[in-house]
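Open the model in your viewer and keep the selection panel at hand. The tour goes stop by stop.

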Amino acid sequence: MSDLLKLSLDEITTKLKAKEISATEVAKEALSACQAAQSALNAFTAFDEDKTLAMAAASDEKLAKGEGSLIEGAPIAIKDLFAVEGVSTTASSHILDGFKPTYESSVSAKLWDNGGVFLCKTSMDEFAMGSSNETAFTGPVNNPWKGANGEMLTPGGSSGGSAAAVAADLCYGATGTDTGGSIRQPAAFTGTVGVKATYGRTSRWGTIAFASSLDHPGPFAKTVKDSAILLQAMSGHDPKDSTSLPQDVPDFVAAVGQSVKGLKIGVPKEYRVDGMPAEIEEAWQKGIDWLKAAGCEIVDITLPHTKYALPAYYIVAPAEASSNLARYDGMRYGLREDGEDLTAVYENTRAAGFGHEVQRRIMIGTYVLSAGYYDAYYLRAQKVRTRILQDFDQAFEKVDAILTPSAPSAAFALGSKSDDPIAMYLNDVFTVTANLAGVPAMSVPAGLDKDGLPLGLQIITRALDEETMFKVGAAVEDAAGFTAKPQKWW
Amino acid sequence: MSDHTYRIAGATGDWEIVMGLEVHAQVVSNAKLFSGAATAFGAAPNSQVSLVDAAMPGMLPVINQHVVEQAVKTGLGLNAQINNWSRFDRKNYFYPDLPQGYQISQFQYPIVGEGEIECERDDGSRFTVGIERLHLEQDAGKSIHDLDPSHTYVDLNRSGVALMEIVSRPHIRTPEEASAYVSKLRTILRYLGTCGGDMEKGQLRADVNVSVCRPGQYEKFRETGDFSHLGTRCEIKNVNSLRFIRQAIEFEAKRQIDIIEEGGTIDQETRLFDANTGVTRSMRSKEEAHDYRYFPDPDLLPLELQQDWVDQIRVNLPELPDQKRERFMSDMGLSEYDAGVLAADKDRADYFETVAEGRDPKLASNWVNNELFGRLNKEGLGITDSPVSADQLGKLVALIKDGTISGKIAKDVFEILWSEGGDPAQIVEDRGLKQVTDTGAIEAVIDELIANNPDQAAQVKDKPKTMGWFVGQVMKAMQGKANPQAVNEILKKKLLD
């Protein structure tokens with residue numbers, strides 16, 4: 001691999017605009033790097049070289065005329081949850097085998113409109129259900145970062161393939177979706193930046209639904225600035241998504257690097273959970289100190305309903321999923337397993353097509369929505385959700401941003417939690433709150449633990465105030481001076 | 001107990017029936033409820049299906065504002081409360097003609113709440129039916145089972161088409177009232193232009209809930225609102241004609257009475273009416289009923305209406321059948337019966353108003369109600385198929401009114417219009433049908449008649465009724481073209497004075 005792919009998105013687009021290099025060269029470089037890494041990392045689910053090169057050539061034409069857009073010519077990896085026209089789109093599920101959409105998701109379409117070049121589809125937990133990328137039908141993704149003893153680690157999930165691709169310098173950015181932490185946790189596990197904007201800032205149209213009210217498309221990037229550029233490129237009102245916000249997109253990139261002096265940073269006591277490794281605690285304290293040094297005022301705050309967030313999330317998300325996944329019935333597209341009658345076709349198709357975790361969540365979701373259980377589970381969970389939102393509203397009366405760890409641990413070994421769903425679900429403990437409340441949150445690499453693995457810090461801000469999030473994120477990035485890269489073994 | 005109580009004599013005594021109807025009305029709209037796909041009837045299978053309707057991965061619904069307006073209009077036409085805050089829920093079940101695996105409907109918070117409409121029985125008496133609610137929902141596709149012995153085909157053209165489900169209170173007490181209710185509802189919807197109302201095309205379908213009870217129980221229910229006073233109900237699904245509604249109820253009531261009288265109990269269940277055999281049969285029992293797992297659709301925001309917008313729709317509401325009937329009576333002087341017949345159907349009312357425009361409304365009403373409807377009924381034609389246009393009939397009525405032709409001649413002209421068409425005035429002109437109002441010409445004929453029939457002329461003074469013979473003779477002599485009034489006046493003068 002040449003050093004070309006080590007550049008940030010900002011750097012490569014500058015070079016492309018300066019015509020120091022062509023988009024076609026960059027695309028070829030990225031394609032061959034991804035393909036070379038595939039057997040080791042297993043991060044990709046589909047390539048379409050012709051499409052990639054055609055898009056790169058189109059970018060070159062524009063660049064030649066000096067017409068390049070925001071990310072003109074930069075190869076971007078796309079989580080397999082986003083429909084890319086004519087390219088296999090499966091949500092890493094067997095049930096969508098062979099499915100090639102005739103349409104383009106709004107988020108990827110916006111990226112292409114802004115000059116992005118489709119690079120590949122990335123692996124993920126099946127239907128975004130998981131925190132380790134181990135539920136993908138195509139098997140787990142290996143984190144480019146290895147354990148202290150060389151053991152294979154999870155890149156986190158569900159957007160594990162995208163996180164791994166960015167961490168291994170195989171692309172200049174990637175899309176993910178964050179339903180309970182599926183961007184921020186893998187970002188933390190791979191030393192990358194991951195952003196989940198305000199709910200509705202990025203369109204969900206053309207993105208395969210997991211839990212509609214919680215799904216947030218967003219970017220993975222190498223730097224905070226890159227993440228701001230990518231979010232800028234993928235945001236905006238979409239009339240095809242009724243929950244899309246009819247708001248203008250602020251200049252996120254301009255916020256990066258602005259002073260944080262005088263900002264009030266909340267530190268919620270409820271995020272000090274039992275059994276959290278001391279190193280996470282230390283990383284958090286470092287973050288607090290950095291921001292204090294940058295002129296922020298640190299304020300102890302309380303988010304009293306935090307402990308109910310995870311249970312509420314694991315009711316609402318499966319409930320919506322059980323309904324969203326009903327369309328995978330073997331009738332119109334994807335897998336179909338025949339049977340002697342209609343019910344048998346449904347049962348055979350869905351039994352063969354869905355993996356265990358997806359089946360588990362469909363069962364949970366079906367149960368909590370059932371007559372007689374709806375009030376006790378779904379309705380109560382929605383009430384908790386309202387309380388979580390109130391917690392944030394009250395906190396944001398006092399502070400401008402909240403700083404927490406992104407995940408309760410560093411990347412863990414593949415297989416170490418796959419038999420224990422509850423332990424797996426606990427990965428989302430710091431991230432689900434922002435999904436339930438719909439507020440923006442990002443993970444920024446903050447340092448390495450004693451095993452040399454990256455740790456992330458999370459910055460949460462008010463709805464629609466991504467700019468403050470990017471300001472604080474950049475300040476953390478700046479202070480952390482995180483430059484570590486996984487040693488190349490793939 | 002009113003005169004209209006419907007009693008069924010059972011072996012153990014009398015029974016009454018109680019009904020509530022759920023009517024599904026397809027909203028008049030060029031596009032579906034949540035997708036831009038077209039909605040034309042009779043299009044090739046699966047030719048009107050968008051990615052949303054086929055539930056492709058990642059597709060999302062977006063509400064069609066026109067449909068919302070139609071629902072509000074309908075709510076106002078049903079004298080109902082408009083809920084400015086309503087919500088869409090998902091009703092989850094698996095079926096191949098339901099691609100999403102759920103139907104988007106309004107379960108808990110419908111767009112329209114309580115209302116009521118006044119309906120009319122065949123004898124002209126009226127009764128009021130309470131409307132519980134109206135909500136918007138998606139139609140499913142169509143499963144076609146009879147094209148192949150081992151396969152079912154699915155046509156998704158209808159998938160996602162907007163329906164209004166209009167739920168009545170159990171205020172309907174006879175099979176006749178049930179059909180009168182649906183008929184009135186259909187009239188209102190057609191007046192509003194919110195539903196085509198064509199039951200054959202499936203634009204209007206009724207689910208009929210039927211239960212039986214002993215005399216007196218219904219009154220207790222109405223007093224208390226307590227459903228336990230009523231019997232267990234069965235729902236007859238998707239009945240698609242007024243005649244079938246009456247037949248299905250009659251059969252179902254007897255079936256339930258027989259079961260109870262034999263010591264059995266009624267199971268709450270969903271039944272289907274078989275139009276070929278006239279019986280209802282069980283479709284699924286309460287135990288087999290789906291658990292629909294309703295929950296708010298997270299892809300859609302709650303539907304919030306601005307009061308100004310609703311008020312604007314109210315202001316622009318067209319005249320409704322009851323208002324029209326009143327106006328026909330008060331402004332046009334029609335009888336209640338004639339006004340009711342004309343107002344009961346939008347097309348008829350429109351036809352009549354064109355005929356009556358600037359003309360004698362009573363004469364227009366007589367011609368439309370008697371001559372035209374009589375002839376149409378005889379030929380089995382509807383008003384929109386009439387060979388004689390409202391414009392033609394209006395001109396004909398004008399010719400009668402201004403004395404150009406007599407009523408009798410007008411019937412001949414009507415026949416010509418019916419079979420050959422043309423302009424009434426031209427027909428009268430070309431065929432020399434103009435009424436003779438020239439008293440000199442009439443006098444000459446009368447003088448000749450009196451001269452030739454002196455005895456009969458003398459008789460008239462004693463028996464004035466015999467003057468009719470002279471009238472007939474004059475008309476005969478003048479090929480019916482003599483102005484009858486003028487004939488009468490001249491005869492009176494010559495024979496009675």
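What follows moves from the whole complex to its chains, then to selected helices, a core and a loop.

**Stop 1: the whole complex**

Show both chains. This is a predicted model. The predictor assigns the complex an ipTM of 0.96 and a pTM of 0.91. Colour chain B by pLDDT: its mean is 93, and 99% of its residues reach 70 or more.

**Stop 2**

Chain A has 16 helices and 11 strands. Its radius of gyration is 21 Å, close to the 23 Å that the globule rule gives for 490 residues, so chain A is as compact as a globular protein of that length. The C-alpha trace of chain A spans about 65 × 55 × 50 Å along its principal axes. Colour by burial next: 62% of the 490 residues of chain A count as buried. Among contacts in chain A between residues at least 6 apart in sequence, 77% join residues at least 24 apart.

**Stop 3**

Chain B carries 16 helices and 16 strands. Its radius of gyration is 30 Å, well over the 23 Å from the globule rule for 497 residues, so chain B is more spread out than a compact globule. Its C-alpha atoms fill a box of roughly 95 × 55 × 55 Å along the principal axes. Of the 497 residues of chain B, 41% count as buried. For contacts in chain B with a separation of 6 or more, residues 24 or more positions apart account for 70%.

**Stop 4: where the chains meet**

Bring both chains back. Here 32 residues of chain A are in contact with 25 residues of chain B. Select α10 (306-324) and α12 (356-369) of chain A: each supplies at least two residues of the side that touches chain B. The largest share of that side, 3 residues, comes from α10(A). Colour the side of chain A that touches chain B by class: it has 15 nonpolar, 10 polar and 7 charged residues.

**Stop 5: helix α16 of chain A**

Select residues 466-480 of chain A. This is α16(A), with 15 residues. Its first and last C-alpha atoms are 21 Å apart, close to the 21 Å expected at 1.5 Å a residue. Which residues of α16(A) are buried? They are Glu466(A), Met469(A), Phe470(A), Lys471(A), Val472(A), Gly473(A), Ala474(A), Ala475(A), Val476(A) and Glu477(A). After α16(A) comes Gly481(A), with a positive phi near 55 degrees.

**Stop 6: helix α7 of chain A**

Gly236(A) follows α7(A), and its phi is positive, near 130 degrees.

**Stop 7: helix α4 of chain B**

Go to residues 242-261 of chain B. At 1.5 Å a residue, the 20 residues of α4(B) should span 28 Å; the end C-alpha atoms are 29 Å apart, which agrees. The buried residues of α4(B) include Leu242(B), Phe244(B), Ile245(B), Ala248(B), Ile249(B) and Glu252(B). Gly263(B) follows α4(B), with a positive phi near 90 degrees.

**Stop 8: the nonpolar cores**

Select Ile76(A), Ile459(A) and Val208(B). Of the 230 residues in the largest nonpolar core, these touch the most other members. The largest share of this core, 10 residues, comes from α10(A). Now centre on Val208(B). Leaving aside neighbours within four places in sequence, Val208(B) is in contact with Met19(B), Leu21(B), Ala178(B), Ile236(B), Val239(B), Ile245(B), Ala248(B) and Ile249(B). Another core, of 31 residues, lies apart from the largest one; among its members are Val341(B), Val368(B), Ala390(B) and Ala410(B).

**Stop 9: a loop glycine**

Finish at Gly197(B), in the loop between α2 (175-192) and β11 (204-213) of chain B. Is Gly197(B) buried or exposed? Gly197(B) has 22 other C-beta atoms within 10 Å, so it is buried. Beyond residues up to four places away in sequence, Gly197(B) touches Arg186(B), Leu189(B), Arg190(B), Gln203(B) and Leu204(B). Draw a distance to Thr187(B), 10 residues apart along the chain: the C-alpha atoms are separated by 7.9 Å.

Terms used. Residues are numbered from 1 along each chain as its sequence is written. Chains are lettered from A and ligands numbered from 1 in the order in which they are written. This is a predicted model: local features need pLDDT of at least 70, side-chain atom pairs count only at pLDDT 80 or more; totals for chains, interfaces and linings use all residues. pLDDT is the predictor's confidence in each residue, from 0 to 100. Two residues are in contact if their C-beta atoms, placed from the backbone, lie within 7 Å. Helices (H or I, at least four residues) and strands (E, at least two) are DSSP runs, numbered from the N terminus. Ala, Val, Leu, Ile, Met, Phe, Trp, Tyr, Cys and Pro count as nonpolar, Asp, Glu, Lys and Arg as charged, and the others, Gly among them, as polar. The radius of gyration is taken over C-alpha atoms; the globule rule is 2.2 Å times the number of residues to the power 0.38. A residue is buried if 20 or more other C-beta atoms lie within 10 Å of its own, exposed if 12 or fewer, and partly exposed in between; C-beta atoms are placed from the backbone. The expected span of a helix is 1.5 Å times one less than its number of residues. A nonpolar core is a set of buried Ala, Val, Leu, Ile, Met, Phe, Trp, Tyr and Cys residues joined through C-beta atoms within 7 Å.
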